[in-house]
Every structure is written in C-alpha cells, then in structure tokens.
Amino acid sequence: MSGTIVIEKIQGPDVSEEMIAQAAELFSSDYGIWGPLAEEKMGTFGKFCKPGHPVKMSKNRLREQSLAPGTDSILVRATVDGNLVGHTFATFWDYEGRRIGWITQLCVSRDFRRNGLATKILSHLRENKHDHSFGILSSHPATIRAALRAFGHGIEKVDLSGIKELVPAIMDSSPVPYVKMAKPTGSLFDQGDHTGAVCCADTAFWVDHAEPLAALNVIKEDGIKWPFGDLPDGCEFLAFVSRSSVT
Ligand SMILES: CC(C)(COP(=O)(O)OP(=O)(O)OC[C@H]1O[C@@H](n2cnc3c(N)ncnc32)[C@H](O)[C@@H]1OP(=O)(O)O)[C@@H](O)C(=O)NCCC(=O)NCCS
C-alpha cells in the first residue's frame with residue numbers, strides 16, 4: 001500500500017458515469033465469490049452465479065441499487081493517484097422523526113485492507129450527522145466492525161437491545177428494495193430460531209462465506225465477543241447504531 005489516499009464525498013446527482021464504472025469494477029474484482037448454493041438458489045439468474053466465480057455488479061445495477069432516483073444517496077470514495085481503492089454508498093431517509101443512513105455497499109481493494117480504510121471511509125458519512133442512526137447488512141464481520149467503530153463505540157461496546165423492536169420497522173420503511181425485502185432473522189427476533197444466528201437478516205444473497213467466516217475465526221481467536229451469532233447461508237449480519245433526533 002503506497003501513495004496518498006484522497007477521500008471525497010459526492011452527492012448522488014453529482015456521481016459521474018466514470019465514478020460508477022470505477023465502483024462497479026472494484027466491486028466485481030474484489031468483493032467476493034459466489035457460494036456453493038448460489039446457482040441453484042438464484043433461479044433464472046443462477047447461470048450468472050456460478051459457485052467460485054466473482055460476484056459481479058454492472059454500472060446500471062449499482063446505480064439502481066445505491067443511487068436510485070428520488071433517494072437521498074451519497075458516495076464516499078478513496079483514490080490513490082486517481083485509482084479507486086475503496087468506496088461506500090449510503091441512502092438516507094426519515095423514520096418517525098429519526099434520520100436513518102443505510103450503507104448499501106462497502107468495498108475496499110484487496111491491496112488496501114486491514115489498514116483502517118473502510119472505517120475511515122464510513123467515518124466520512126458520519127461527518128456532521130451525529131444525530132443520524134446508521135444501519136448495515138453484511139456477511140463480512142470486518143464490515144460490521146468498521147461500521148460499529150465509525151458510527152458507534154466499536155464491537156466491544158455493541159448493544160443489540162434496541163434492535164429487536166426498532167430495526168425491522170425501519171428496514172420495512174426503507175426506499176432501498178434490498179433493505180426493505182431483507183427479513184430480520186436469528187434468536188434476537190425469534191426465540192424459536194435455532195440456527196445459531198442471533199442478529200442477522202435473510203437477504204437471499206448467496207455469496208461464499210469462507211472469507212467472512214475466516215475473519216470471524218480471527219475475531220474469536222483474538223478473544224473478541226461476537227454478539228451477532230452464526231451466519232446461515234443466504235443471510236448477512238445486521239448492525240444498527242441508533243440515535244434519535246427527537247429524544
Ligand atoms: C470488509 C472490508 C470492507 C474491510 O475493509 P478494511 O479497510 O480492511 O477494514 P478496516 O481496516 O477499517 O477494519 C475494520 C475492522 O475490522 C477488522 N478487520 C479487518 N479485516 C479483518 C479480517 N480479515 N479479519 C478480522 N478482522 C478484520 C479490523 O481490525 C477493524 O476492527 P476494529 O476497528 O474493531 O479493531 C474489506 O475486507 C472488503 O471490502 N471485503 C469485501 C467486501 C465484503 O463485504 N465481502 C463479503 C463477501 S466475502
């Protein structure tokens with residue numbers, strides 16, 4: 001990792017075609033690979049989801065998912081010498097007097113990982129938004145840790161107690177279809193759930209879990225408590241840092 005990292009924050013309508021193309025390219029090369037069940041679970045799209053092949057994202061799909069017209073969305077990107085090395089997209093909306101920010105994508109180039117870049121990129125979303133609540137869905141524990149560090153007080157001080165009542169309704173009110181359709185799952189939401197999941201959501205995203213689970217093992221070996229439980233196939237961990245502008 002070398003060169004000066006430049007971080008920019010760009011409002012949705014100002015995100016250029018080139019910026020979208022760079023983000024789609026970074027995602028398609030460095031995000032992850034399809035898991036063993038992807039092809040059979042994805043129905044007619046299965047032929048595009050061959051196990052072991054990279055999860056790819058087109059420019060159009062990325063714009064549709066993360067910068068949908070009429071939404072208050074934003075891109076934060078990190079570049080080195082003009083080359084994209086990390087990005088996040090977030091969409092904001094109001095829910096019963098609260099301003100919600102939801103991270104719809106976060107990806108850091110493999111060459112730049114484990115240096116605090118994801119945390120730094122997310123921290124730029126937080127700037128001047130101390131009364132906003134933030135949510136994220138991800139299969140990667142490092143994404144969850146980065147969000148908890150940027151918006152809260154880190155994995156060490158995470159508090160899931162308020163999530164059960166509040167977050168399913170917030171997700172249901174989301175203008176982002178992927179968030180709205182996600183089904184909160186795990187023992188936090190259903191005491192009869194015996195999958196080992198505690199605070200996850202079923203997003204029907206069949207990405208391979210080998211890399212995220214290796215990261216989870218590192219966390220456990222480091223003696224860090226992981227309160228979100230296990231990660232069932234097709235699910236993602238669900239994190240939410242709550243702040244209310246009305247209380
Ligand atoms: C997840 C991702 C965004 C992390 O980016 P990053 O710049 O390396 O993250 P940071 O350096 O800011 O680290 C954030 C936190 O996660 C921890 N972390 C980072 N990588 C980790 C790993 N591989 N294993 C365990 N912990 C890890 C850091 O120690 C830090 O924790 P702390 O602040 O609680 O101490 C990056 O790995 C990525 O883009 N991955 C692919 C995207 C994805 O989510 N894929 C899912 C399918 S594989």
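**Close-up 1. The turn that holds D81.** D81 is found in the loop between β2 (residues 72-80) and β3 (residues 83-95). In this predicted model, the two strands form a hairpin with two residues between them. D81 is not a glycine, yet its phi is positive, at about 50°. The residue is exposed, because its relative accessible area of 70% exceeds the 50% cut-off for that class.

**Close-up 2. The pairing of β2 with β3.** The strands β2 and β3 run antiparallel and are joined by nine bridges.

**Close-up 3. The enclosed strand β3.** Eleven of the 13 residues of β3 are buried, so this strand is largely enclosed by the rest of the structure. Besides its pairing with β2, β3 pairs with β4 (residues 98-108) in the antiparallel sense, over ten bridges.

Close-up 4. E96 lies in the loop between β3 and β4. These strands form a hairpin with two residues between them. The phi of E96 is near 45°, a positive value in a residue other than glycine. Is E96 buried or exposed? With a relative accessibility of 64%, E96 counts as exposed, because the value is over 50%.

Close-up 5. A backbone N or O atom of R114 lies 2.6 Å from an oxygen atom of the ligand. A polar backbone atom of A118 is 2.9 Å from an oxygen atom of the ligand. The side chain of R149 also takes part, with an N or O atom 2.9 Å from a ligand oxygen atom. On its own the ligand has 950 Å² of accessible area, of which the protein covers 89%.

**Close-up 6. The shell around the ligand.** Which elements give two or more residues to this shell? They are β4, α4 (residues 117-126), α5 (residues 141-151) and α8 (residues 210-221). The helix α5 gives the most, with five residues. Of the 23 residues around the ligand, those that come nearest are V108, R114, G116, T119 and R149. Sorted by class, the shell has twelve nonpolar, seven polar and four charged residues.

Notes:
Residues numbered from 1 in each chain as written. Predicted model: local features only at pLDDT ≥ 70, side-chain atom pairs only at ≥ 80, totals over all residues. Heavy atoms only, no water. Helix = DSSP H or I, 4+ residues; strand = E, 2+ residues; numbered from the N terminus. Buried < 20%, exposed > 50% of the residue type's maximum accessible area, 1.4 Å probe, protein only. Near = heavy atom within 4 Å. Polar contact = N/O pair within 3.5 Å; in protein donor to acceptor, adjacent residues only side chain to side chain. Areas by Shrake-Rupley, 256 points an atom, 1.4 Å probe, with all protein chains shown as cover. Nonpolar A, V, L, I, M, F, W, Y, C, P; charged D, E, K, R; others polar. Pairing = 2+ DSSP bridges.
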